[in-house]
Structures are given as C-alpha cells and as structure tokens.
Amino acid sequence: MKIKILLPIFFAPFVMNAQTKKTATDNRLVTDLDKMVQKEALAYMQNPARVGISIGVIKDGKSYFYNYGTTELGKSELPTSKSLYEIASITKTFTGTLLAHALADGKIKMSDDIRKYLDGNYPNLEFEKHPITIGNLTNHSSGLPQFLPDQSETFKKPMDSVALALSDFYKNYSKKKFYEDLHQAKIDFVPGTEYKYSNTGTQIAGDILEKVYHKSYADLLSEFITKPLNMNQTILGTNSAQLLTCYNETGKVMPRNFTTVFAPAGGIVTNTEDLVKYMQYHLDESNHYVKTSHTPLVKGEGDGIGLYWRIHNYEDGSKTFYHTGGTFGFSSVLQIYPSKNMGVVILSNESDGESQGKLQDIADNLLRNSSKK
C-alpha cells in the first residue's frame, strides 16, 4: 500500500512581528531539556497567530511539564498541565489500543469483512468483490470518505465559515443517519491497496468495538485505558467548562469539536498530565496490547501505520510512533521514541495551516536531540 502525504486543510501565509513577541511561560530553565524546550517553544510562539501551548515530556519514567502563552486572548492566564484541549485525531490511537484488546480477546480479526458487524445490506462496501476489512479501517486503506455525508462542497466555502457550517450540520447528525448515508459511500479501489484518510472508517471501527463488547465506546475507553492508567481528566465530548477557548489563525473563536458522532475518530478531550501517562504506557512494548497496536499490517521499507499509530523509521534503525490532531481551533501532536524511553505531547488552542506540522517538528527535534542520560 502506498501512503500519500495529506496536505493540511488550511493554507494561510503569516507575517512575523518585527519585534520579538514576549511569551509567558512557567519553564524554569534549569536543565538542558528545559532550555531545549524553551528554544523550540518560543520560536513556535513568535507567530502572531499563536495563543497557548502545553507540553508534556516523559523521559526514563520522569514527567516534565511546560506551558506557554495564554488560555484566552486578552487574558494573562497561563495554561497548565491540567488545562483541557481537544486532541482530535490523536483519539484514533485510543481506538487502535481498544482494537488491540479486542484482537487479544478473540472478539475480532483484522481480516474480518466489516459487514459482518453491520446491520443491513451494504453491497457498496467492496470493490471488485474485495470487501473492506477491519484492518483496512486501521491503516486508512478502506476507500471510505473522510466524512459522511460528503463535505467537499462545504470546504469550498470561505474558511471562516466552514467550521460554523460543519458544527451546525453535525449538531443534530445521528448514528442512524450516519448508517443511512453509508449506503451511498462509493469505493473506487481495492481496499488495502491505496491510502485515503477516513474519519468514517474510524467511526465504524468504534461501532464494531461497541457491538462485540456490548458496551459503549465511552465505557470501553474507561475500562481498558483511562481507569487503569488513572487518566481521570480524559473524557469524551466537548461540554466541559474547563475546555480552553480555541481560535483560528485570525484570532476568531472557533466552535468546539463538530465530530460528536465521530467520537472514536476525534472526540477525546484531555490534558498533558493524562497524556504523559498514556505515553508511558505506550513506551512499554513488552505489553502485548501496545506491541499489537504498534505493528503495521503491511510491511514496507518506508513509514507505516499500525492500529492507527503512524510509524516513522529513521536511518539509524530507530522508530517513532506518533499521531497529530487538529480541529478548527485546536492542534496537537503526540510522539513516542521507545529507543530513548521518551515521549513528547504538545497541545495548542489555536489551529492554522502550519500548526500541526510545526508542533510535530518540535516533538521530533526534542526527541532526536535529547541525550539518553
């Protein structure tokens, strides 16, 4: 399967301030790691569009937290390790971890035709008699669209209005309507042979988990991940009063996550304190569920995808496992580097055409340049 690089949704040029932007932080600048984080974070925050970021690092079992900027434009309140952000598609790694449990429990097989778990008849969910499998869902090779229904026309609107249009549309979009619209989905290649990013496919994976366990996705998340790891502030949905205000590149307040019906694809709200615990869990590749979720179904020389985890192979043979996330007002990256027993998560309450890529650059620089001491 050939993986194509996705271009970001937004494209916006930025003009840097002539003077250096002053950025509030709680970084104490004591250790080499502190200084490394400071350099990377301040460079990122110089863009006048930026609002606030929270950084969590786990290294050799020790946790480090850094915060920059503000929780809300016009205020001087620094975010903390407990500040809640939408993590968008990083949620997919949680769904992948749950699928690893379902595999171990004998509830599913990666080769299963997804229609085995769907109510009704879906002759459209195959191409040339090749069905979509659960494995195809996990590495975005199913051929299913990014959203249901097709939102390509919505994305042609002025960018400031797209978020509001989608938010209004999905506010009353039901699971019943989702599966009605699924009958209209068209697959135009053999599943497993091409890459096509799909929130739709991840939603179906979450629904399959609910069906085989006879429990809600929220309950499964709690049972297998958040309770055992004491991730007490990690929730589904966006109704928390503690969730930070979020912005686009023009400083306009954006609506909260519009993908409520797509919870397994992007519905988690959490903070760096909890995600450091999650990274520590995923650094232990002796754990069967972790190892399974990190293992690509399709072997290849380049980068791969496990159970939603992106895998980058460096020339020295080391690997990072990562995922980025972005809504119209939040950007994030979570990346672990097992060979250095280290992970980095960065959460931002601002989103633009460059933010996810820039945050990933920061995480990669911190991981690659950090010593093994």
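These questions and answers go through a predicted model.

Me: How are helix 2 and helix 7 oriented to each other?
Reply: Two packed helices are described by the angle between their axes and the distance between the axes. Helix 2 covers residues 91-104 and helix 7 covers residues 217-226, and their axes lie 10 Å apart at an angle of about 75 degrees. Angles of 65 to 115 degrees count as roughly perpendicular. Helix 2 and helix 7 are therefore roughly perpendicular.

Me: Which residues of helix 7 meet helix 2, and how many residues of the contact are charged?
Reply: On the side of helix 2, the contact is made by Thr91, Phe94, Thr95, Thr97, Leu98 and His101. They meet Tyr217, Leu220, Leu221, Phe224 and Ile225 of helix 7. By class, the contact of helix 2 with helix 7 has 7 nonpolar and 4 polar residues, and the number of charged residues is given as no charged residues.

Me: Which helix do the buried residues of helix 5 pack against?
Reply: Helix 5 spans residues 175-182, and in it Phe178, Tyr179, Asp181 and Leu182 are buried. Seen down the helix axis, these buried residues fall within an arc of 160 degrees, so they line one face of helix 5. The buried residues of helix 5 pack against helix 6 (199-213).

Me: What is the omega of the cis peptide bond between Leu148 and Pro149?
Reply: Pro149 sits in the loop between helix 3 (134-138) and helix 4 (159-170). The peptide bond that joins Leu148 to Pro149 is cis, with an omega of about -15 degrees.

Me: Is Ser141 buried or exposed, and which side chain does its own side chain contact?
Reply: Ser141 is another residue of the loop between helix 3 and helix 4. Its relative accessible area is 0%, and under 20% counts as buried, so Ser141 is buried. The side chain of Ser141 makes a polar contact, at 2.6 Å, with the side chain of Asn139.

Me: What is the phi of Ala88, and is Ala88 buried or exposed?
Reply: Ala88 lies in the loop between strand 3 (85-86) and helix 2. Although Ala88 is not a glycine, it has a positive phi of about 50 degrees. With a relative accessible area of 4%, Ala88 is buried.

Me: Which side chain makes a polar contact with the side chain of Ser89?
Reply: Ser89 is also placed in the loop between strand 3 and helix 2, and a relative accessible area of 12% makes Ser89 buried. Not counting residues up to four places away in sequence, Ser89 touches Tyr197, Asn199, Ala265, Gly266, His323, Thr324, Gly325 and Gly326. The polar contact of its side chain, at 2.8 Å, is with the side chain of Lys92.

Me: Where is Tyr308, and what is its phi?
Reply: Tyr308 is in the loop between strand 8 (304-305) and strand 9 (310-313). Tyr308 is buried, with a relative accessible area of 0%. Tyr308 is not a glycine, yet its phi is positive, at about 75 degrees.

Me: How far apart in space are Asn248 and Asp160?
Reply: Asn248 belongs to the loop between strand 6 (235-236) and helix 8 (263-266). Asn248 is in contact with Asp160, Met254, Phe328, Glu350 and Ser351, leaving aside its neighbours within four places in sequence. Asn248 and Asp160 are 88 residues apart in sequence, and their C-alpha atoms are 8.2 Å apart.

Me: Which backbone nitrogen does the side chain of Asn248 reach?
Reply: Asn248 is buried, with a relative accessible area of 4%. A polar contact of 2.8 Å joins its side chain to the side chain of Thr250. The side chain of Asn248 also reaches, at 3.0 Å, the backbone nitrogen of Lys252.

Me: Which residues is Asn365 in contact with, leaving aside its neighbours within four places in sequence?
Reply: Asn365 is part of helix 11 (residues 355-369). Asn365 counts as partly exposed because its relative accessibility is 28%. Leaving aside its neighbours within four places in sequence, the contacts of Asn365 are Met36 and Glu40.

Me: What separates the C-alpha atoms of Asn365 and Val298?
Reply: Along the chain, Asn365 and Val298 are 67 residues apart.

Methods:
Residues are numbered from 1 along each chain as its sequence is written. This is a predicted model: local features need pLDDT of at least 70, side-chain atom pairs count only at pLDDT 80 or more; totals for chains, interfaces and linings use all residues. Side-chain values use heavy atoms; hydrogens and water are left out. Helices (H or I, at least four residues) and strands (E, at least two) are DSSP runs, numbered from the N terminus. Buried means under 20% relative accessible area, exposed over 50%, partly exposed in between (1.4 Å probe, protein chains only). Contact means heavy atoms within 4.5 Å. Axes are lines fitted to C-alpha atoms, for helices over the stretch in contact, and angles run from 0 to 180 degrees between N-to-C directions. Angles under 35 degrees count as roughly parallel, over 145 as roughly antiparallel, 65 to 115 as roughly perpendicular and the rest as oblique. Ala, Val, Leu, Ile, Met, Phe, Trp, Tyr, Cys and Pro count as nonpolar, Asp, Glu, Lys and Arg as charged, and the others, Gly among them, as polar. The arc is that of the directions from the helix axis to the C-beta atoms. A polar contact is a pair of N or O atoms within 3.5 Å; within protein, one must be able to donate a hydrogen and the other to accept it, and residues adjacent in sequence count only if both atoms are side-chain atoms.
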